[in-house]
Structures are given as C-alpha cells and as structure tokens.
Amino acid sequence: MAAPRGRAMRWFANIVLSVIGVIFLLPLVWLLLASFDSTATLSVKWPEAPSLDNFLAVLTPEISLVPLWNSLVLSGGCAIVTVLAAILAAYPLSRYKSRINKPFLYGVLFGTCLPITAMMVPVYALFVAFNLIDNMFGTILFLAATSLPMAIWMMKNFMDSVPVSLEEAAWTDGASAMATLRLIVVPLMRPGIAVVFIFVFIQTWGNFFIPFILLLSPDKLPAAVSIFSFFGQYGAVAYGQLAAFSLLYSLPVLALYVLVSRLGGGSFALAGAVKG
C-alpha cells in the first residue's frame with residue numbers, strides 16, 4: 001500500500017491536472033455552444049434558442065468553401081512536395097555512411113531554429129524579383145522548404161527501420177539504387193510516409209503568416225487568413241459565426257489527428273522479410 005504522504009501527493013497531482021484540464025476545456029465548450037447561438041458573446045452560456053443559423057451564414061463560397069479549398073490545395077501540395085523531397089534526401093543519409101552525414105543533419109536541424117519572421121524580408125524580395133507574389137505554386141514551394149528540415153529527420157528515422165539486407169538482395173539481382181528505393185524501401189515504410197505527410201499537412205493547415213504575406217488576392221487566401229473576416233471595425237466580432245467557422249475549419253485537422261494516432265500505434269510489418 002502507498003504511504004499516506006504518497007497518496008496525498010497523488011491526490012494533489014490529480015487535482016492540479018483536473019484544474020488544468022478544465023481550463024483547456026472551457027474554450028472548447030464556448031466554441032461548441034456559441035456555434036449554435038445566434039446571439040453569442042464571449043461568455044459561456046447555453047443558447048436560448050439553438051439553431052444552425054451560424055453554420056448557414058458561413059457555408060458560402062466566399063466565406064468558407066473557397067478558403068477551405070485554398071487551404072486544402074496549399075496543405076496538400078506542400079505535403080506532397082515535402083514528402084518527395086524528404087524521401088530523396090533521407091535515403092542517402094540513411095544508407096550511406098559518410099563523415100558529412102552528421103554535420104549535414106545538424107545543419108538541417110539548425111534550419112528549424114530560424115525564425116520565420118526574420119526570413120520573410122529576403123524571401124519577399126526574392127518573390128518580387130521572380131514575380132511569384134500572389135502565386136499559389138510559389139507559396140507551396142516556400143511552405144515545403146520551411147517544413148523540409150523536420151520532415152528529413154522524421155523520414156530518416158523511419159527509413160532506418162527498413163533492413164538494408166533487402167536492398168542488398170535486390171542489388172545482387174541487378175536493381176539500381178532508385179529501383180530499390182521505389183520498389184522495396186518506400187512500400188515497406190508507407191506508415192512512416194503517411195505520418196510525415198499528415199504532420200506536414202497539419203502544420204501547413206494552421207500556417208497564417210506565410211500565406212498572409214505572399215498571397216494578396218482574396219480568392220487565393222486560405223482559411224487560416226480569411227478567418228479575420230469575422231473581425232469587424234471598432235472591435236465588433238461575429239462570435240457565433242466565428243465559432244461555427246472554427247468548428248468547420250477544425251474538422252479536417254481532427255480527422256488527421258485520429259489517423260496519426262492509429263498509424264503511430266502500429267509498427268512496420270517486416271517480420272519474415274529477412275530469412276534467418
């Protein structure tokens with residue numbers, strides 16, 4: 001049995017964690033209740049007449065559908081470009097040992113420490129010089145560049161789990177390095193690729209600063225930027241519509257988080273791939 005002092009500390013820890021949980025839960029409760037309240041304010045209260053008016057007001061092409069589609073294009077395009085580049089970069093780092101591997105990886109890690117606000121001034125000048133301002137493809141490339149350092153680290157860790165002996169057997173049969181990467185390594189690390197894809201997608205989905213600076217046309221702005229349309233002049237805010245839009249905006253992310261948790265709980269099915 002636990003000592004009285006140990007039980008007291010456990011009860012104290014449970015109380016502290018419960019208070020922290022309630023603090024994080026209150027904004028979510030307000031978000032849910034305010035989305036069904038046409039007269040919502042900042043206070044957490046049950047709607048007097050629950051309705052779907054807020055959802056009907058935001059479910060228009062200009063307010064939600066086009067911005068959500070732009071977010072999907074930016075996030076999906078960024079994730080695809082990042083995953084492809086990360087696979088090609090992680091393969092030599094995982095399979096070929098060299099004295100420059102570790103310094104290169106540390107240099108990649110240093111790239112994640114650079115503040116994006118400091119980088120945007122030269123990046124904006126570069127985009128102006130190449131006429132890429134207000135260009136979706138150019139924005140996708142820069143978003144992929146900012147996501148690539150962490151993606152390379154994650155992809156290398158997943159790739160290290162694939163036995164090199166499988167590739168050596170393919171090399172003996174005359175397969176090239178790119179063929180073994182495409183036919184052996186990539187199929188065996190599909191769960192890892194999916195995790196990296198979803199990680200980059202979620203990170204880009206909530207990115208506000210980069211699209212806000214590089215995209216100018218209202219019909220190209222993602223949902224993370226267009227959410228400011230609910231904030232009017234002189235501090236006026238449409239709280240109910242803001243809550244409804246936030247729920248719609250969060251649904252894809254919640255679905256991907258569930259997918260990440262399912263993929264993260266499994267492991268690579270490599271049993272039996274290598275003969276003893």
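Buried means under 20% relative accessible area, exposed means over 50%, and partly exposed lies in between (1.4 Å probe, protein chains only). The model is predicted: local features need pLDDT of at least 70, side-chain atom pairs count only at pLDDT 80 or more, and totals for chains, interfaces and linings use all residues. Residues are numbered from 1 along each chain as its sequence is written, and side-chain values use heavy atoms, with hydrogens and water left out.

**View 1. D37 and K45 form a salt bridge.** A salt bridge is a side-chain nitrogen of Lys or Arg within 4 Å of a carboxyl oxygen of Asp or Glu. By this rule the count is 4 salt bridges. Here the closest N and O atoms are 2.7 Å apart. K45 is partly exposed, at 29% relative accessibility. D37 is buried, with a relative accessible area of 4%.

**View 2. E167 and R95 meet in a salt bridge.** The N to O distance between these side chains is 2.3 Å. E167 lies in helix α7 (residues 164-172) and R95 in helix α3 (residues 61-95), so the pair ties together parts that are 72 residues apart in sequence. Helices are DSSP runs (H or I, at least four residues), numbered from the N terminus. Both E167 and R95 are buried.

**View 3. K156 and D160 meet in a salt bridge.** Their side chains are 3.0 Å apart, N to O. Both residues lie in helix α6 (residues 136-160). K156 and D160 are 4 residues apart, about one turn of the helix. D160 is partly exposed, at 38% relative accessibility.

Notes. Helices (H or I, at least four residues) and strands (E, at least two) are DSSP runs, numbered from the N terminus.
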